[in-house]
Amino acid sequence: MKKVILLALLLAGGKAWAQPEIKPVGALPSNAQVKWQQLEYYMFIHFGPNTFTDKEWGHGDEDPKVFNPTELDARQWARTAKLAGMKGIIITAKHHDGFCLWPSEYSKHTVRESAWKNGKGDVLAELSAACKEYGLLFGVYLSPWDRNHPAYGTPEYNQVFANQLKEVHTKYGDVFEQWFDGANGEGPNGKKQVYDWNLFESTVTNIHPNVIFFSDAGPGCRWIGNENGYAGVTNWSTLNRADFKPGMGGITETLNKGQEDGTHWVPGEADVSIRPGWFYSETTDNQVKSLAHLLDIYYGSVGRNANLLLNVPVDRRGRIHENDSIRLMELRRTLDVDFKENLARKARVAATNTRQNSSVTSAVYLTDGNYNTYWATADGKTTGDITLSYASPVTFNRISVQEFIPLGQRVRSFSVSVLQGKEWKEIARETTVGYKRILRLPLTTAKSIRVSILDAKASPVISEVSLFRAPELISDPEIQRNKAGMVTIKTASPDPVIHYTTDGTAPTTASPKYEQPFSFPGSGTVSAVAFVENGKRSSVVIDAIFGIAPTNWKVLTPGADNAIDATPRAWTTKENGYPAELVVDLGREETIKGVGYQPNTHGGIVYKYALYLSADGKEWGKPVSEGSFANILNNPIEQYIKLSSSATCRYIKFVALAPANAQDTRVSVGELKVF
């Protein structure tokens, strides 16, 4: 069937774009939800008094005059989002502090009371106009929790909040997404509010019937269960809505994965900030997430059947900071290159178990670039192979598979294989697909690639299969070791091949290839290098210096177990902790050359110390070393206490004698190491 005719049939549907030839399965998306899923990537903006007070959650008692951006430019926000490849912007029109970015008639804590534009400004008006100018969708976050409004905690407040929703949805044009979180704390009167969600939702839908509601329970889309930006490796777009409500606890894992046989279509939205916090802080100007990290988030959200809502906080000028903008442009350029050429368009496509005598299904539709056409198996056939064949070998490292979700999400598992000689070699095996699943694979060359649907709830309906060769991205290795002495090496990008050594030499491509965690319980150095392009380019050499693994150690100082647990957790005393002793039983006699002290950057840094050794834990004698850690307050990195000569002992005692900061009298040890 021709594309234009099929599209007309699809758009004619109400609840879903279902075809009479193929029976829909399970809960289905609305037309609005399908269009929402196709947005894939858009911007979150946190902006308000917290921007000027360096708080994440304001208390509602701040002077509204603190809100005074000096160069607010909503067009710069929209222009940045557009250039970044985003499809819309959602802004915190009202956060938990109750401050409204528009002059609400139902609050006295708004831009009207601020110093900005002498109370004549309206952030929502400026942003909605900018979004319209740049062809972006406009969305709003309104928190029902209001730490300022005197009616919060009373039955009257629900109507106040509904009135504010009505203001926003009637004054600023179309709203594509209404963002709710379930925060519900105490208001000025010390009481919590019983939210009337039915009232809130009906107020909005009476104005914008196709709006997508975000919350823990949807109904338009759901929180993905974390604020890291990652959907589950298995991710169903359906949920038993009756079992969930905004703000309820203990549901993060379920929200991350969805529910295979959920009663309602509630797809996932992955929200994450480009910085450590949601609101702007000058202290995080140099903590913008790396390109490799953002790429990992993109593939872990959009590439796992979720939409990505990336927060870019506006600074005190009222502009997106240069560091954030630069990183967004780097991400856009990289994604453009990653998906520049769809190699599947050049393939001969064949499929097994294809539905016969069908006017709407064919294997040729799998690579036609049109989401609204598809291939499907016959009724009762829940497996099938899709094969891409080439006259000459192609090299690829990305593959994308899409289901035609208007007929329901069906695929439970699938695999990717390549033909090597006469044998098929499996290179990936995954679970769900949904609207879009993107796999990052090792650089692979083959003449035939096969996508096998291994299991499905009903006959699979696949809209598109795409193949790409993305430039391999180098990122430095990260080396970690747990308490048992097992070493793990990873990179933020999956592209590099990692080689490592344990003898102090620099790794080359001839060195052991890292494939899985390995045991290194002794003292020494693990070095790693990440290689791409078959060894042509490499990262810097990363060294990790390890002491003896604390597998059988025992802390004799009460409550100090965190000091030897090989994790970022630290042992910290109460105030006035000096002097403090940390005594450790090594479990057996060891010959040692020194001890390492890892300071806790959150406080309690030790300056003067003494180190004692003992064979029995009773007789300590004089310290084998005593002194101070020079400049440790300004440079809180791991410090080494080197012994004048090797010594044999079973017990060590680290004594903290004086703090690096005289005002901070706590004692803290991030990690104590023995070499």
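Reply: An open sheet is built from 3 strands, ordered β18-β19-β21, with antiparallel pairing. Strands here are DSSP runs of E, at least two residues long, and helices are runs of H or I, at least four, both numbered from the N terminus. Two strands pair if DSSP finds at least two bridges between them. The edges are held by β18 (478-481) and β21 (518-519); each has a single partner strand, so one side of each lacks a neighbour in the sheet. Strand β19 (residues 486-490) is joined to β21 by 2 bridges, and the two run antiparallel. Val487 stands opposite Phe518 in β21.

The model is predicted: local features need pLDDT of at least 70, side-chain atom pairs count only at pLDDT 80 or more, and totals for chains, interfaces and linings use all residues. Residues are numbered from 1 along each chain as its sequence is written, and side-chain values use heavy atoms, with hydrogens and water left out.

Now the helices. The axes of α4 (residues 74-83) and α10 (residues 322-338) come within 9 Å and cross at roughly 25°. Axes are lines fitted to C-alpha atoms, for helices over the stretch in contact; angles run from 0 to 180 degrees between N-to-C directions. α4 and α10 are therefore roughly parallel to each other (angles under 35 degrees). Thr80, Lys82 and Leu83 of α4 meet Ser325, Leu328, Met329 and Arg332 of α10 (contact means heavy atoms within 4.5 Å).

Last, confidence. pLDDT is the predictor's confidence in each residue, from 0 to 100. The protein chain has a mean pLDDT of 93, and 97% of its residues reach 70 or more. Over residues 1-18 the pLDDT is below 50.

Terms used: Parallel < 35°, antiparallel > 145°, perpendicular 65-115°, else oblique.
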